Amino acid sequence: MALFEAINIHKRFGSRVVLEDISLSFEEGKISGIMGPNGAGKTTCFHCLTGHHRPTRGSILFDGQDITGASPQKIARLGASRSFQLMNLFDDSSVVENIILALPEFRQSYARLNRKVFTHPEFLQKAGLILQQVGLQGLEWQPSQSLSYGNRRALEIGVALAANPRIVFLDEPTSGLGAEATRQLAELIKNLRKKYTIVMIEHDMNFLFELADQISVIHWGQVIAQGAPKELQSNKWVQRSALGEVA
Amino acid sequence: MVAMLSVENLQKTYFKGRFDRTPTFSLKADFQIEEPSIVGMMGPNGSGKTTLFELITGSNSPTGGTVRVQGKDIHKIRTDQRDRLAIHYHQSYQVRSFRSLKPNFMLQRSGSDYPQVHLFDEPQFNTQDGYIGFMLDFFRELRNQGRLVFLCVHPNERFHLEILQEICEQFIFVQKGVVTQHSSYEDILNYQPARDYLGDLLEARAA
Amino acid sequence: MTTLSQVSSNCDKWITPQIVVFAVLLLSLPFWIEAVGLYQYLGIEIAIWIIFALGFNLLFGYAGLHSFGHGAYLGIGAYAFGYFQHNVGVSLFGGLAAAMVAATLAGALVALFLSHRRGIYYALMTIAFGQVFWFAAIKLHWLTGGEDGMLNIPRPALDLGITQWQLDDNRALYFLVASLTILVTILSWRTVNAPFGRILQAIRQNETRAAFIGYDVWWFKLAAFTISAMLAGLAGGLFAMAQESAYPDTMSLHQSGLIVMMVLVGGGLVNFWGPVLGVVLYYLARDFLGSITETWLLWYGLMFVTMVMFKPEGLAGLLSDLKFGSGKAPAPSPSSQPLAKEA
């Protein structure tokens with residue numbers, strides 16, 4: 001059974017249909033990709049899956065539990081975390097604090113006045129592991145807004161991982177990255193698949209074809225194609241495009 | 001059996017102004033599409049293609065005539081449910097306001113959750129990104145599920161014609177407000193105004 | 001650019017050198033204040049307003065929630081203290097408890113309506129509720145004494161069972177207030193650096209992200225407002241005792257604006273000690289400028305404008321620049337050790 005499932009999601013804002021009919025299912029331990037042209041409804045779809053928007057119709061299941069219309073914090077606590085396309089960090093805070101804030105151990109100690117934060121061995125150790133995972137070791141005490149663009153992208157993913165999620169939603173992780181940084185990110189995501197179920201929206205089709213186990217193409221608020229990278233690449237028109245040559 | 005789409009004596013006339021009733025543009029259409037199908041639509045810019053789409057989806061009210069989607073007069077359906085019968089996919093997302101003199105509670109329900117007629121208004125076809133194939137598969141999928149698909153293309157490259165030929169089972173040609181129906185790709189190429197309109201592209205194809 | 005959320009090596013401590021210096025200054029104040037040409041009562045006012053300002057900055061600076069109607073909770077505390085003395089019994093702790101409970105309840109009630117809002121809408125709602133309380137204080141004559149205020153509020157003695165201190169003397173009252181101020185300062189310092197305070201700061205920086213990493217933002221905003229109102233209530237209760245009366249003016253929009261101005265001038269947006277500096281500066285300006293000209297508030301206002309234009313970080317920012325040369329503070333790091341490499 002799929003770990004996370006969206007069934008016939010329909011979302012409209014007033015008279016405007018943004019998602020017509022989206023059904024997706026994400027298998028445990030797999031990397032699922034979502035691609036589609038600008039304005040196709042990919043980010044709105046993520047917003048519905050992670051609780052930012054309540055779908056007008058349809059249902060969302062996480063590990064068999066109906067989470068349709070649940071708040072972002074509830075979905076996050078159940079173990080679905082996400083990154084953002086436009087970076088969404090705690091800018092005044094240091095890199096390590098961005099991670100610590102997202103640790104469940106920290107969150108659960110919110111009422112403890114005596115709990116140390118920045119000299120707490122468990123917090124520091126867990127945050128250190130996450131930062132090592134995303135390649136930010138050594139930058140712990142930098143203010144997050146002073147990081148380079150690529151490092152901020154990595155931190156964006158680090159914050160999503162810190163919540164110790166079962167499934168991670170990444171919204172356009174390569175957006176704005178150069179070739180070398182994109183290659184590093186691909187390595188990172190390959191390593192992450194050992195531990196997490198990953199869903200990512202991606203513009204860069206080659207990136208998805210290389211990493212994903214399953215891809216859904218979204219256009220006009222609907223899933224217009226679905227399949228393994230090989231199946232999608234075998235399409236006549238994909239063969240004719242620049243992607244066919246790469247594949 | 002009820003026709004998928006029935007456009008009966010449909011007429012839309014635009015006037016110079018509220019008081020100056022000199023017609024500036026007039027569109028007339030009368031055609032029927034019985035079965036689920038993929039219909040190609042062509043015609044020069046300003047010929048009335050988008051107006052026809054708006055009339056079919058009920059976001060623009062006609063001067064005369066009716067549009068029936070599976071037997072239901074779209075202009076008598078609640079404005080917030082018209083897109084459950086026929087939906088217009090614009091080139092770029094924009095909010096279309098549905099207007100009606102009658103309030104919604106006096107209008108009929110659409111009785112459908114998913115649109116029956118899908119009108120694609122000049123979708124972005126780009127040979128580089130490979131999406132064309134997925135889009136065409138999707139059109140076929142819709143048709144196989146019993147929907148009616150309109151594909152409006154303003155061909156300015158050879159592969160646009162290839163797409164139309166590959167996927168469309170019949171055609172609608174619109175020019176200067178005159179709407180004609182053609183049963184096949186060959187049929188529309190035999191229609192002189194369409195030949196004139198496509199002009200160079202047909203040459204390029206022959207070459 | 002310094003920010004409130006910067007981490008120093010003191011963040012995980014209960015007592016820092018600054019707190020010690022502050023406590024020594026406060027507790028020694030009665031022995032030198034008259035020598036510098038001031039008077040004992042001024043010390044009481046300053047200490048009370050520091051409590052108010054620290055509580056206010058928890059909301060304003062740390063959580064980034066802009067309340068412009070906070071005078072209301074100061075006033076509610078004052079009235080509740082007076083009401084308790086007049087109608088329940090003359091008791092110091094009872095009165096202060098009543099002041100805090102009343103302000104907490106009022107704050108929680110208002111926060112229920114506020115906490116799903118953001119930015120300017122939040123600020124406007126705080127003004128609206130502040131005005132409602134102010135209006136009620138004027139109109140509910142049977143409860144508050146109307147525009148004349150509630151008069152003849154006694155100063156109950158500090159009764160610790162074995163001994164009893166009379167607080168009629170300003171110096172005695174000062175020591176009580178100063179002790180509470182030090183206590184509130186320590187608790188505030190801990191609060192803003194404990195997980196709760198860091199979460200509030202996260203919400204200030206990015207409410208959306210805070211929700212997406214699992215925080216119930218609404219609840220935290222409610223809690224911040226309520227705690228802040230509770231401290232305002234404590235300050236209000238002490239203020240009623242100091243003034244031996246309570247009157248509607250405490251709750252006016254003007255008073256609510258004053259606390260905002262003090263916190264901003266002091267540098268509450270960049271430093272924990274900002275509100276303290278702001279309160280001290282305001283009262284010193286009032287006394288010094290006030291002795292020179294009747295239009296002292298105009299000059300204070302001009303100083304505020306200048307500060308906002310040239311040093312938005314306030315007095316605290318100015319002082320930290322002096323301390324670290326041209327504002328080039330080394331990035332503070334609580335541990336010189338790199339983080340754990342392996343589990």
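## Confidence in chain C

Chain C averages a pLDDT of 91, with 94% of its residues at 70 or more.

One stretch calls for some care: over residues 325-343 of chain C, pLDDT stays under 50. Where pLDDT is low, the predicted coordinates should not be read in detail. For the complex, the predictor gives an ipTM of 0.91 and a pTM of 0.88.

## Where chain A meets chain C

Let's start with the contact (heavy atoms within 4.5 Å) between chains A and C, which takes 43 residues from chain A and 38 residues from chain C. The buried area, meaning the accessible area (1.4 Å probe) that two parts lose on being put together, summed over both, is about 3,700 Å² here, and carbon and sulfur atoms give 61% of it. On the chain A side, A:F90, A:Y110 and A:L113 lose the most area to chain C, together 19% of what that side buries.

There are 3 salt bridges between these chains, a salt bridge being a side-chain nitrogen of Lys or Arg within 4 Å of a carboxyl oxygen of Asp or Glu. C:R209 pairs in this way with A:E156, their closest N and O atoms lying 2.3 Å apart. Several helices of chain A each supply at least two residues to the side touching chain C, including helix 3 (95-102) and helix 6 (149-162). Helix 5 of chain A gives the largest share of that side, 5 residues.

## Where chain A meets chain B

Chain A and chain B each put 31 residues into their contact. They bury about 2,600 Å² between them, 59% of it on carbon and sulfur atoms. A:W220, A:I224 and A:W237 supply 29% of the area that chain A buries against chain B, more than any other three residues.

Across this interface there are 5 salt bridges. B:D83 forms a salt bridge with A:R12, with 2.8 Å between the closest N and O atoms. Among the elements of chain A that each supply at least two residues to this side are strand 1 (4-13) and strand 10 (222-227).

## Reading notes

Residues are numbered from 1 along each chain as its sequence is written, and chains are lettered from A and ligands numbered from 1 in the order in which they are written. Local features need pLDDT of at least 70, side-chain atom pairs count only at pLDDT 80 or more, and totals for chains, interfaces and linings use all residues, while side-chain values use heavy atoms, leaving out hydrogens and water.

Terms used. pLDDT = per-residue confidence, 0-100. Helix = DSSP H or I, 4+ residues; strand = E, 2+ residues; numbered from the N terminus.
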